[in-house]
Amino acid sequence: MECIIRKMTREDCDAAAHVIAVCWKETYQGIIPEEELDRTDEQTIAENSQKHFPEDNHQFVLETDGIIAGYMNAGLTDDKEYEHCGEIHAIYILKEYKGKGFGRKMIEAGTAELKTLGCDRMLIGCLAGNPSNSFYEHLGGRKIKTRIYERLGLPENVYFFERI
């Protein structure tokens with residue numbers, strides 16, 4: 001199964017919103033309160049994406065077999081302890097496309113993007129309880145702390161990659 005990882009365009013907003021909404025419901029069942037999952041709908045995500053589509057876009061999509069199957073957002077971190085460090089803010093892959101090496105390829109695309117921003121280190125946050133925590137450890141991320149994911153008030157493990 002071939003894949004293309006490319007910069008997201010405005011035209012991809014609906015497909016990316018689908019990936020995000022489905023992944024939230026697949027991944028965060030039992031982690032995020034049910035009422036929050038119920039509010040996660042594709043239309044709202046797509047409208048927000050269109051409305052706030054950034055000029056300096058660091059969002060990517062994973063396309064395979066003509067289907068958008070993944071989404072990633074990278075950029076500088078907001079973490080005050082790690083200024084001038086990059087962060088992959090979000091990465092989602094539909095369940096049926098996991099285990100095929102696409103996650104690793106998306107991380108590679110994200111690190112390449114962060115390098116263009118002058119970063120040589122990276123953070124990735126992952127909600128506690130998310131099975132992807134082990135993936136980031138497997139890639140060489142070192143858990144350095146737990147912070148609160150503000151929007152939900154839930155604990156998020158933070159992985160540090162010293163060299164990208």
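Buried means under 20% relative accessible area, exposed means over 50%, and partly exposed lies in between (1.4 Å probe, protein chains only). This is a predicted model: local features need pLDDT of at least 70, side-chain atom pairs count only at pLDDT 80 or more, and totals for chains, interfaces and linings use all residues. Residues are numbered from 1 along each chain as its sequence is written, and side-chain values use heavy atoms, with hydrogens and water left out.

**View 1. Arginine 147 and aspartate 79 form a salt bridge.** A salt bridge is a side-chain nitrogen of Lys or Arg within 4 Å of a carboxyl oxygen of Asp or Glu. Here the N to O distance is 3.3 Å. Arginine 147 sits in strand E6, aspartate 79 in the loop between E3 and E4, 68 residues apart. Both arginine 147 and aspartate 79 are buried. Salt bridges with shared partners join Asp79, Glu81, Glu87, Lys145, Arg147 and Glu156 into one network. Helices (H or I, at least four residues) and strands (E, at least two) are DSSP runs, numbered from the N terminus.

**View 2. Lysine 7 meets glutamate 113 in a salt bridge.** The N to O distance is 3.0 Å. Lysine 7 belongs to strand E1 (residues 4–7) and glutamate 113 to helix H4 (residues 102–116). Lysine 7 has 36% relative accessibility, so lysine 7 counts as partly exposed. Glutamate 113 is buried, because its relative accessible area is 9%.

**View 3. Arginine 6 forms a salt bridge with aspartate 12.** Their closest N and O atoms are 2.6 Å apart. Arginine 6 is partly exposed at 25% relative accessibility. Aspartate 12, at 8%, is buried.
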